[in-house]
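Colleague: I have a model open and a few things to ask about it. Can we go through it piece by piece?

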Amino acid sequence: MAFLLMMVEFLAALVLIVLFGLVSVTVFKAYRRRHNNAHVEAPAIFEDPKSLKQVPCPYIFDPAEKYLSLIIPAFNEEHRLPGALDETMNYLQQRAAKDKSFSYEVLIVDDGSRDGTKRVAFGFVKKYGVDNVRAILLGRNHGKGEAIRKGMLHSRGELLLMLDADGATKVTDLEKLENQIHAVARKGYHCGDSETSDTSFRISDIPIVAFGSRAHLEEKALATRKWYRNFLMKGFHLVVVLTAGPGIRDTQCGFKMFTRSAARKLFTNIRLKRWCFDVELVFLCKWFGIPMLEISVNWSEIPGSKVNPLSIPNMLWELALMSVGYRTRMWKIN
């Protein structure tokens, strides 16, 4: 009996030591990331692959030069990227042909790919010109969140759309997000039925975020996915609500649109570099009081996803860092 009691006390002490160690590591890592939102890199330069001339890179605090920027993070996407880019460029060119006031750019952010992603990206830059398609090379893999942050900070659009390199969401669905942003902006700022009723109205100056959502497909997904994947997903959603609060049912859809003003606030503060940066965006939107819209989009699963069961622990780790960082005020918001 005494031996059993001694073993219980030993195990309890071991559990406490492990928990203390985990909390200590989390606090330490969160402290180290307290300045991760500071954009202190040297000014970025685009190289025009046709002329080999350097093109100065804009910054999010500069005035908008385009109406729409599309930011595509790409890590080892040599095979999936061409199809998605072809569809995207066809849509943009057709829309520009119909509407002469419509201007756009596509930014492909190569997140340290080890395959031919860079070659594919520069092929599209050469085909469509550096004014319409640009490639940013991160050099080494940082994570999807960092790739999108980099693209957002160096974009020129009034509206900025992040979308995945696999083309899982139809690019035409951006009009759903775009129209809702304009509708909310006009209603909130009393600009009447037309933007021309107030010459001071600039969609880029009004902070709004539209989240593309697959929540309407959840019932079908639950029926087709393995039970353990559903269990992990439900658990992850619960942790997201506890961390960032309710409001957005699908935080992880890679199809989100930001006004320039919203992107300026969010992406100069964001710290998470990988999968859970989407959750941090929700948290920051609430902090700044930025209106969040959740809009159903068409989505289909494309083979080759980078997310796997091993991603779940990494997601939980990032959420723990975020929770500690903001709740202890180590992560200051500018």
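Colleague: Start with helix α3. How many residues does it have, and how far does it reach from its first C-alpha to its last?

Modeller: Bear in mind that this is a predicted model. Helix α3 covers residues 117–128, which is 12 residues, and spans 17 Å between its end C-alphas. That is close to the 16 Å expected at 1.5 Å a residue.

Colleague: Which residues in α3 are buried?

Modeller: Thr117, Val120, Ala121, Phe122, Phe124, Val125 and Tyr128.

Colleague: And what comes just after α3?

Modeller: Glycine 129, with a positive phi of about 90°.

Colleague: Zoom out. What does the secondary structure of the chain come to?

Modeller: There are 10 helices and nine strands in the protein chain. The chain has 334 residues, and 47% of them count as buried.

Colleague: What share of the contacts with a separation of 6 or more is between residues 24 or more positions apart?

Modeller: In the protein chain, 81% of them.

Colleague: Change of topic, salt bridges. How many does a search of the whole structure find?

Modeller: The count is 15. One of them joins aspartate 164 and lysine 144, at 2.9 Å from N to O.

Colleague: Where do those two sit, and what does the pair tie together?

Modeller: Aspartate 164 is in the loop between β6 (157–162) and α5 (174–188), while lysine 144 is in helix α4 (residues 144–153), so the pair ties together parts that are 20 residues apart in sequence.

Colleague: Is lysine 144 buried or exposed?

Modeller: Lysine 144 counts as buried because its relative accessibility is 18%, and the cut-off for buried is under 20%. Aspartate 164, at 23%, counts as partly exposed.

Colleague: What does aspartate 250 form a salt bridge with?

Modeller: Arginine 214, with the closest N and O atoms 2.8 Å apart. This pair links distant parts of the chain, 36 residues apart. Aspartate 250 lies in the loop between α7 (227–244) and β8 (256–259), and arginine 214 in the loop between β7 (209–213) and α6 (218–224).

Colleague: How accessible are aspartate 250 and arginine 214?

Modeller: Aspartate 250 has 7% relative accessibility and counts as buried. Arginine 214 has 22% and counts as partly exposed.

Colleague: Which residue does glutamate 77 pair with?

Modeller: Glutamate 77 forms a salt bridge with arginine 80, and their closest N and O atoms are 2.9 Å apart. Glutamate 77 is buried at 6% relative accessible area, and arginine 80 is buried at 17%.

Colleague: Which residues are linked in a network of salt bridges?

Modeller: Glu65, Lys66, Glu105, Asp131 and Arg156 are linked that way.

Colleague: Now cavities. How many of 30 Å³ or more does the structure hold?

Modeller: One. The space in the largest cavity is about 50 Å³.

Colleague: What lines the largest cavity?

Modeller: Ala84, Glu87, Thr88, Leu163, Gly167, Thr169, Lys170 and Val171. By type, the lining has three nonpolar, three polar and two charged residues.

Colleague: Take threonine 169 from that lining. Where does threonine 169 lie?

Modeller: Threonine 169 is in the loop between β6 and α5. Its relative accessible area is 11%, so threonine 169 is buried.

Colleague: And what does threonine 169 touch, not counting residues up to four places away in sequence?

Modeller: Threonine 169 contacts Cys253, Phe255, Val297, Asn298 and Trp299.

Key: Residues are numbered from 1 along each chain as its sequence is written. This is a predicted model: local features need pLDDT of at least 70, side-chain atom pairs count only at pLDDT 80 or more; totals for chains, interfaces and linings use all residues. Side-chain values use heavy atoms; hydrogens and water are left out. On a 1 Å grid over the protein atoms alone, a cavity is a set of points where a 1.4 Å probe fits but cannot get out, and a pocket is an open set with protein on both sides within 12 Å along at least five of seven lines; lining residues have an atom within 4 Å of a point. Grid points are joined across faces, edges and corners, and a volume is the space filled by probe spheres set on the points. Ala, Val, Leu, Ile, Met, Phe, Trp, Tyr, Cys and Pro count as nonpolar, Asp, Glu, Lys and Arg as charged, and the others, Gly among them, as polar. A salt bridge is a side-chain nitrogen of Lys or Arg within 4 Å of a carboxyl oxygen of Asp or Glu. Buried means under 20% relative accessible area, exposed over 50%, partly exposed in between (1.4 Å probe, protein chains only). Helices (H or I, at least four residues) and strands (E, at least two) are DSSP runs, numbered from the N terminus. The expected span of a helix is 1.5 Å times one less than its number of residues. Contact means heavy atoms within 4.5 Å.
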